Amino acid sequence: MATGRGWILQQHSLGLARAAAAPQRLAPPALPSRSPLSSAAPPPGPGRGSFAGRLRKRSGIFTAMSAKLSETQNICIQRHCQKTSMKSKSCPCIESMPSEILLKIFSYLDAVSLLYIGCVNKRFYHLANDNVIWFKMYSSFFPPKRTNWKTNSVERTAVLLSHATIQDRESGYWKNEYILKQIAAGKTRIIQLLKPINPYTGLPLKTKEAIKAYHLSWVIVLKDRNGKEHIIEQVDISFNDTSITVFWYGTNWPCLDTLSTLELCGVTPLLLDQCKVPTKNRPRRRSLIAEFNLTNLTKVTTMIGSDMLVQLFRLNPGLLVGLWKKGNGIAFVMASLHHHQLIERSTLGSAAIQYILPPHKPILDDVDPEYGLHGYQLHIDMHSGGHTYLCGTFHNLFCRKDYIRNGYLRLTVISIKNNSQHLPLAGKVGFFWRTDVFEGNVQNCYMMDVTLLDETEKPFWCFSAPVYMKLSSKASCLYDYMGYNYDLNYVDSEGKVHVELVWVEETKEYYIVNLVLYLSTEKVNRWFGTKY
């Protein structure tokens, strides 16, 4: 019982304390007390109201009391909100911290995080460019060259350069030095991968490995007439014998009528060592490969084929744009990139300027009267969607001086008169395309990769482009093949390719009966130093 009474007294004291702490409430007015004899209903008389009237009067009193009580509660709530706001303002925020504390925090971040945090605001940008932080990072990744048998530690090296000496440099100096050194180190490793050469193609043997090691990808930048950019990320890629094929498709394409240009760019991580898993949100840099004009695309550009859903338009060099037949919107974009100097073109340029290939120094030969006219080697690859229709190498191609006409040298690869040289195309020929929802096959279209080597087995003329076969209007002069004749032509500033094919109905195959390359004499004279 004593325990029970103690608990009751404790609860009573807590209640009194809470009542004292709570805001003082208005007490209801005391009602006049009546004697027990008057507890009964008094008889109506003058000056007295009825029982209903007294009830209405009391209800009015309680209504006024509740109104006053609600006003008191509102005042208490406002005071509580003001206290809460004052407490929130007094809470520490990272932006209100002193610069010394922020620099200490930034010193524990890596290079990628510092680049991220420099994009927050102007103050963070200047703090993230601190030379002391970046010099310590630079010294840890690139220690000084060893002058004796014992290497100085990072701390001892930092002491050698005093704090004042480091800060004498302009803001961001060691940041730029660190980034440039990282880029140079990455390029050195990639160059080592590209040294082995394929004897059949004359191209680097490990281009695929170099692309993966460099985390290299490609984007297209669509610009409208107002200058707004739409960046489309690479969706898929396929590796071929001497080229790669990159695909872009999706549902967020801008309207074609508003677009003016399309830029094809290679994209690599800014810091190769810091990029374990490549993502588009990491710091990256772009290298412009080619720029295409999209104004009046359907009127100016050549349409190379179509099916029930899309139309294919070719833009040289090596770009293919698929447009929906209904609505004239973009369905997909595909680029075919030749392996020749692909890594250099995709990494060594800038976002606005293309990489300029180093000039070729001709090797003069006064002994050979037909120097530059013989010793060529051709590697040709026809493919689409992972299907290879023809892949072969042809040696000892030559051109006589009598064959130089209209500014071109003629190299006959497959002669129409020699049946033993005629080659079939394997499989069903067509261009395979796909999007998120649809896929299809455009007949008589595919990709053609040409790699022509000179007599020293160095790449002389290389390209990868979409081509199409057109029904020939000429009558066939071949008696060994009965079927429709087709022509295939490709032209650029350095040469031409002409292919004649015959469709054999019995075997359901295309046969190449004539393949001729035409090289520009300007290209030959510039390469060999001749005067043809």
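Rings of Phe, Tyr and Trp, the last represented by its six-membered ring, are taken to pair if their centres lie within 6.5 Å, and the legends below describe a predicted model.

**View 1. An aromatic cluster that includes Y173 and W174.** One aromatic cluster is formed by W134, F135, Y138, F141, F142, Y173, W174 and Y178. A search of the whole structure finds 22 aromatic pairs, and one of these joins Y173 to W174 in an edge-to-face arrangement, with 5.2 Å from centre to centre and 85° between the planes. Y173 has a relative accessibility of 22% and therefore counts as partly exposed, whereas W174, at 12%, counts as buried.

**View 2. The aromatic pair of F460 and W527.** The ring centres of F460 and W527 are 5.4 Å apart and their planes stand at 85°, so that this pair, too, is edge-to-face, planes over 60 degrees apart being counted in that class.

**View 3. The open sheet of 6 strands.** The strands of this open sheet follow the order β3-β4-β10-β9-β8-β7, and their pairing is antiparallel.

**View 4. The pairing of β8 with β9.** Within the order of the sheet, β8 stands between β9 and β7. Strand β9 (residues 319-324) and β8 pair in the antiparallel sense over 6 bridges, and L312 is found opposite G322 in β9. In general, the strands of a sheet pair through backbone hydrogen bonds, either parallel or antiparallel.

View 5. M308 is placed in the loop between β7 (302-306) and β8 (310-315), two strands that are adjacent in the order of the open sheet. With a relative accessibility of 78%, M308 counts as exposed, because the cut-off for that class is a relative accessible area over 50%. Together with L309, V437 and F438, M308 makes a nonpolar surface patch of about 450 Å².

Definitions and conventions: Residues numbered from 1 in each chain as written. Predicted model: local features only at pLDDT ≥ 70, side-chain atom pairs only at ≥ 80, totals over all residues. Heavy atoms only, no water. Patch = residues over 30% accessible without salt bridge, like charges linked within 9 Å, V, L, I, M, F, W, Y side chains within 5 Å. Areas by Shrake-Rupley, 256 points an atom, 1.4 Å probe, with all protein chains shown as cover. Salt bridge = Lys/Arg side-chain N within 4 Å of Asp/Glu carboxyl O. Helix = DSSP H or I, 4+ residues; strand = E, 2+ residues; numbered from the N terminus. Buried < 20%, exposed > 50% of the residue type's maximum accessible area, 1.4 Å probe, protein only. Pairing = 2+ DSSP bridges. Phe/Tyr/Trp six-rings, centres within 6.5 Å; stacked < 30°, edge-to-face > 60°.
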